[in-house]
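The sequence and structure come first.

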Amino acid sequence: MRKKEIKENIYWMGAIDWDRRLFDSLIPLPDGTSYNAYLVQGSKKTALLDTVDPSMTGVLMSQLKNISNIDYIISHHAEQDHSGSIPCVLEKYKSAKVITTPKGKGMLIDLLCIPEKRFLTVDDGESLSLGDKTLQFIYTPWVHWPETMVSYLKEDNLLFSCDFFGSHLATTDLYVIDEGRVYEAAKRYYAEIVMPFRKIIQKNLEKIDKYEIDFIAPSHGPVYNKPKFIIDAYLDWTSEDPKNIVVLPYISMHGSTKRMVEYLLSALAEKGITVYQFDLAATDIGKLAITLVDAATLIIGTPTVHVGPHPNVFCATHLANALRPKLKFASIIGSYGWGSNAVEQITGLISNLKAEILEPVLCKGFPDEADFRALDNLAATIWEKHKEHNLTK
Ligand code: FEO
């Protein structure tokens with residue numbers, strides 16, 4: 001891909017990774033991703049904002065082929081998908097300095113062995129003049145590491161946000177064209193990466209609110225030329241109130257737990273609750289994470305394997321706990337053959353969630369009438385709880 005002009009002397013200069021299907025060996029990327037670097041050429045100095053994943057260094061270096069000088073490399077975030085090509089850029093531009101936060105400097109030395117003398121660190125709110133263009137650095141910690149910052153290009157009302165507002169989406173479009181598609185990709189990104197730090201993100205959103213922003217240029221996915229779209233989405237996702245939604249991930253080995261899941265789903269749906277059901281043997285965990293952004297209740301369905309929950313349920317429950325969604329309620333349903341510690345083990349895995357645990361429903365073998373009545377009671381309790389929290393309007 002060639003570089004693309006955003007405004008005069010401001011260029012997208014990145015790499016599109018159409019075929020990447022997994023990030024951090026964990027996160028599914030159904031639509032690939034991009035690593036966006038940006039070049040800002042002021043009347044006196046030139047800055048490269050972030051680089052690209054080391055697997056695509058060659059793409060960036062070919063875009064830089066006719067750029068004779070770079071004075072600064074701005075590193076908003078030390079993770080290697082943005083920093084990994086910095087050593088190669090420093091090798092080409094011998095006098096370039098890496099500008100980052102003090103925490104970012106330590107991480108870049110640790111991760112990439114960049115010599116200390118190549119760094120300049122900046123304080124929160126500090127500005128850097130490039131001549132007729134000025135970058136202001138704004139600390140926005142925990143998106144999703146502690147060292148993260150963004151840059152505001154004052155003369156052009158442009159925010160370079162790195163992972164903040166990013167979307168894992170490979171596209172040839174410089175700007176957001178299909179808002180629905182980008183919304184889904186950005187929500188997936190938020191759910192998997194940013195959601196655990198929701199409270200701090202609220203503060204970061206307040207911090208950037210005072211800036212007039214015409215463009216947001218993230219380091220993954222297309223540039224927002226109507227930034228209200230993504231800022232409003234973030235305000236909604238990070239808000240305190242969940243929605244009238246139940247998420248129902250489950251595993252079933254011989255059909256008993258599945259029958260319970262289907263019965264409960266139907267009972268909840270009849271009451272007007274939106275329910276998302278996920279078979280953990282086959283589901284994309286990113287889809288599960290997306291639904292957890294807004295859900296009020298999580299019901300985990302598991303059979304009993306070696307006295308505890310199925311290993312896939314362990315894995316998904318651990319992930320849900322780590323993502324810290326704003327759930328209010330949780331419970332467990334499932335089946336066992338002769339004995340089970342599934343409830344104790346699952347409740348022990350979700351301590352981060354601060355959710356009220358509703359009465360679980362575990363049945364011996366295939367569910368009978370008494371088990372279905374217990375599931376009716378669970379559905380009624382969930383409905384009452386959602387009503388108490390004004391979620392059912
Ligand atoms: Fe896109 Fe946290 O790196």
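This is a predicted model: local features need pLDDT of at least 70, side-chain atom pairs count only at pLDDT 80 or more; totals for chains, interfaces and linings use all residues.

Which residues are exposed on the other side of H12?

## Length and ends of H12

Helix H12 covers residues 369-388, and its 20 residues should span 28 Å at 1.5 Å a residue; the C-alpha atoms at its ends lie 29 Å apart, which agrees.

At the start of H12, the backbone nitrogen of alanine 370 has a side-chain oxygen of aspartate 368 within 3.1 Å. After H12 comes asparagine 390, with a positive phi near 55 degrees.

Asp371, Phe372, Leu375, Leu378, Ala379, Ile382, Lys385 and His386 are the buried residues of H12. They lie on the same side of H12, because the arc they cover around the axis is only 140 degrees. An α-helix has 3.6 residues a turn, so residues three or four places apart point the same way.

The question above can now be answered: Glu369, Ala370, Asn377 and Glu388 are exposed on the other side of H12.

The buried residues of H12 pack against helix H8 (256-270) and several strands, among them S17 (243-250), S19 (295-305) and S21 (329-336). Strands S22 (356-357) and S23 (361-364) are also packed against by these buried residues.

## Cysteines

The structure has zero disulfides. For cysteine 88, the closest cysteine sulfur is that of cysteine 113, and the 15 Å between the two sulfurs is too far for a bond.

Cysteine 88 counts as partly exposed because its relative accessibility is 35%. Cysteine 315, with a relative accessible area of 55%, is exposed.

Note on methods. Residues are numbered from 1 along each chain as its sequence is written. Side-chain values use heavy atoms; hydrogens and water are left out. Helices (H or I, at least four residues) and strands (E, at least two) are DSSP runs, numbered from the N terminus. The expected span of a helix is 1.5 Å times one less than its number of residues. Buried means under 20% relative accessible area, exposed over 50%, partly exposed in between (1.4 Å probe, protein chains only). The arc is that of the directions from the helix axis to the C-beta atoms. Contact means heavy atoms within 4.5 Å. A polar contact is a pair of N or O atoms within 3.5 Å; within protein, one must be able to donate a hydrogen and the other to accept it, and residues adjacent in sequence count only if both atoms are side-chain atoms. A disulfide is a pair of cysteine sulfur atoms within 2.5 Å.
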